[in-house]
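Subject: Structure handover

Hello,

Here is the structure I said I would pass on. Please look it over before you read my notes.

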Amino acid sequence: MIITIDGPAASGKSTVARKLAAKLNADFLDTGAMYRAVTYAAIKAGVELTSPYQILETMNNTQFEFTSSVGGMRVQMDGVDITEEIRNPHITASARFIAGSSSARQRLVQMQRKFAEGHGRIVAEGRDQGTVAFPHADIKFYLTADLDERAKRRLGELEAKGAGQDIERVKEAIEKRDESDRKRSDGPLKAADDAITVDTTNLTIEQVVEKLLAFVKEKCSANQ
Ligand code: C5P
């Protein structure tokens, strides 16, 4: 069983996907973490981020390991855990170079499909999961929320890490990321035609999880 959850930055996808996966006894595939890991590796290797060739070379020379765990997906690069490091704001802002490289995307989509093959049930979240990576997924969701609400949520996360910022700057960074995600020709951010769109602006994380769970149960009982 493959469930996809796509949506813009800070729409709550990761937390919801992780919790939904736990409820369904499924594995959680955080594809944003994959783009972040490649970004981290490329910066560490000192390569030109605008060069798709150098990015691909970095991917060829690096061993990545993505493991589903209760707390989320753990990421290892050449045997070293980089799960926390890839959340750094500099990595967040630079991931657009990797996201914009068609060859890197192709390789990452292959890795995502391989992950799905090795796991019986997955909840995959990202930008292109229902459209490109898993067009035949069993259930597809698209999560949205107002920009103000998303900025508030992201600010809360940053403050919890002791990295408080001006809300306007947070909003700007989110808008910039969404714009570049929507505009690229390969795997742009968009809802699949057959996705269920859920506006999470006025919902708590638990309410969103319950809502999605209800759709999954409905679909499962309809298929029996
Ligand atoms: O979801 P997260 O913020 O961790 O994603 C980091 C970046 O990776 C996004 O801004 C986006 O550009 C890119 N991404 C992508 N396709 C995905 C998941 C993430 O292009 N499926």
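Predicted model: local features only at pLDDT ≥ 70, side-chain atom pairs only at ≥ 80, totals over all residues.

Residues are numbered from 1 along each chain as its sequence is written, and side-chain values use heavy atoms, with hydrogens and water left out.

Start with Ile5. Ile5 sits in strand β1 (residues 2-6). Helices (H or I, at least four residues) and strands (E, at least two) are DSSP runs, numbered from the N terminus. Ile5 is buried, with a relative accessible area of 0%. Buried means under 20% relative accessible area, exposed over 50%, and partly exposed in between (1.4 Å probe, protein chains only). Leaving out residues up to four places away in sequence, Ile5 touches residues including Lys13, Leu20, Glu125, Phe141 and Leu212. Contact here means heavy atoms within 4.5 Å. Glu125 is 120 residues from Ile5 in sequence, yet their C-alpha atoms are 4.6 Å apart.

Next, helix α3 (residues 52-61). Ile55, Thr58 and Met59 are buried there. Seen down the axis, the buried residues of α3 fall within an arc of 100 degrees, so they line one face of the helix. The arc is that of the directions from the helix axis to the C-beta atoms. Tyr53 and Asn61, on the other side of α3, are exposed. The cover over the buried residues includes α2 (31-45), β3, α4 (89-99) and α5.

Now the charges. Side chains of opposite charge can pair when their charged atoms come close. The whole structure holds 15 salt bridges. Each is a side-chain nitrogen of Lys or Arg within 4 Å of a carboxyl oxygen of Asp or Glu.

- Glu206 and Lys19 meet at 3.3 Å, N to O. Glu206 lies in helix α9 (residues 205-223) and Lys19 in helix α1 (residues 13-24), so the pair ties together parts 187 residues apart in sequence. Glu206 is partly exposed at 39% relative accessible area, and Lys19 is partly exposed at 28%.
- Asp181 and Arg127 meet at 3.2 Å, N to O. Asp181 is in helix α8 (residues 167-183), Arg127 is in the loop between β6 (122-126) and α6 (129-133), and the two are 54 residues apart. Asp181 is buried at 7%, and Arg127 is buried at 14%. Arg127, Asp181 and Arg184 are linked in a network of salt bridges.
- Asp148 pairs with Lys171, with the closest N and O atoms 2.7 Å apart. Asp148 lies in helix α7 (residues 147-160) and Lys171 in helix α8, so the pair ties together parts 23 residues apart in sequence. Asp148 is partly exposed at 47%, whereas Lys171 is buried at 17%.

Last, the second largest pocket. Its volume is about 240 Å³. A pocket is an open set of points on a 1 Å grid over the protein atoms alone, where a 1.4 Å probe fits, with protein on both sides within 12 Å along at least five of seven lines; lining residues have an atom within 4 Å of a point. The volume is the space filled by probe spheres set on the points. Among the lining residues are Leu29, Met34, Phe64, Phe66, Lys114 and His119. The elements giving two or more residues to this lining are β3 (64-69) and α5 (102-117).

Best wishes
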